[in-house]
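Visitor: Could you walk me through this model, with the cut-offs spelled out as we go?
Guide: Gladly; have a look at it here.

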Amino acid sequence: AQSVTQPDIHITVSEGASLELRCNYSYGATPYLFWYVQSPGQGLQLLLKYFSGDTLVQGIKGFEAEFKRSQSSFNLRKPSVHWSDAAEYFCAVGAKEYGNKLVFGAGTILRVKS
Amino acid sequence: GAGVSQSPSNKVTEKGKDVELRCDPISGHTALYWYRQRLGQGLEFLIYFQGNSAPDKSGLPSDRFSAERTGESVSTLTIQRTQQEDSAVYLCASSSTVSEQFFGPGTRLTVL
């Protein structure tokens with residue numbers, strides 16, 4: 001069965017500090033990988049995506065993620081966090097073989113200390 | 001349209017009543033997806049449309065849930081005889097071929 005694990009439910013970082021949010025997946029097909037962000041009362045916004053090619057992908061708002069097939073991971077990183085980054089982050093996996101429906105992790109809530 | 005729209009934005013209903021949730025996808029997007037997000041949880045897939053056919057209904061939790069889509073346009077998700085456990089945010093997304101999904105703002109359903 002397809003599954004996505006985000007091991008950290010909550011993370012708190014200081015403004016200006018670096019950030020890494022973890023995502024591991026279990027999938028029976030070549031996956032497409034996504035990170036979405038959801039701010040309170042807002043819809044889901046795509047941060048970045050990986051379909052193929054370069055395993056280090058750049059996204060919006062200074063985020064990047066690296067696909068590591070051997071570790072079944074797609075961790076999200078940002079070198080310097082801003083207070084406006086406080087939100088909930090979801091990792092998601094899809095595949096053409098499954099109609100591109102997305103399987104989401106449970107989310108990681110990011111709190112930023114000033 | 002500029003993005004995916006959903007209506008209503010909020011719906012409060014009494015247990016046992018039927019509700020209809022509407023999704024207007026981005027024009028030209030052939031694929032449409034419904035997800036549910038319970039409080040404090042990630043999104044659960046419900047159903048997927050390619051055009052007006054639904055190749056994958058595997059996420060619908062019970063036969064009280066159904067959905068339809070008119071061509072490559074509007075979709076409605078219907079929940080019959082609502083239960084309190086149906087309370088959630090229902091999100092719709094659309095996409096074109098193999099690409100990212102664009103999400104609507106969701107409908108927050110509260111069943112009293």
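Guide: F45(B) counts as buried because its relative accessibility is 12%, where buried means under 20% relative accessible area, exposed over 50% and partly exposed in between, with a 1.4 Å probe and protein chains only. This is a predicted model, in which local features need pLDDT of at least 70 and side-chain atom pairs count only at pLDDT 80 or more, while totals for chains, interfaces and linings use all residues. Residues are numbered from 1 along each chain as its sequence is written, chains are lettered from A in the order in which they are written, and side-chain values use heavy atoms, with hydrogens and water left out.

Visitor: How many aromatic pairs are there over all chains?
Guide: The structure holds 15, counting rings of Phe, Tyr and Trp (its six-membered ring) whose centres lie within 6.5 Å, with planes under 30 degrees apart called stacked, over 60 edge-to-face and the rest tilted. One of them is the edge-to-face pair of F104(A) and Y35(B), at 5.6 Å centre to centre and 85° between the planes.

Visitor: Why does that pair join two chains?
Guide: F104(A) lies in strand β11 (residues 103-104) of chain A and Y35(B) in strand β4 (residues 31-37) of chain B, so the contact crosses from one chain to the other; strands here are DSSP runs of E with at least two residues, numbered from the N terminus. Both F104(A) and Y35(B) are buried.

Visitor: And what does Y35(B) form with F45(B)?
Guide: Y35(B) and F45(B) form another edge-to-face aromatic pair, 6.0 Å centre to centre with 70° between the planes. F45(B) sits in strand β5 (residues 43-50) of chain B, 10 residues apart from Y35(B).

Visitor: Switching topic, what's the volume of the largest pocket?
Guide: About 490 Å³, taken as the space filled by probe spheres set on grid points joined across faces, edges and corners. A pocket is an open set of points on a 1 Å grid over the protein atoms alone where a 1.4 Å probe fits, with protein on both sides within 12 Å along at least five of seven lines, and lining residues have an atom within 4 Å of a point.

Visitor: Which residues lie nearest its centre?
Guide: Of the 23 lining residues, Q38(A), G41(A), Q37(B), V89(B) and R108(B) lie nearest the centre. The largest share of the lining, 4 residues, comes from β11(B).
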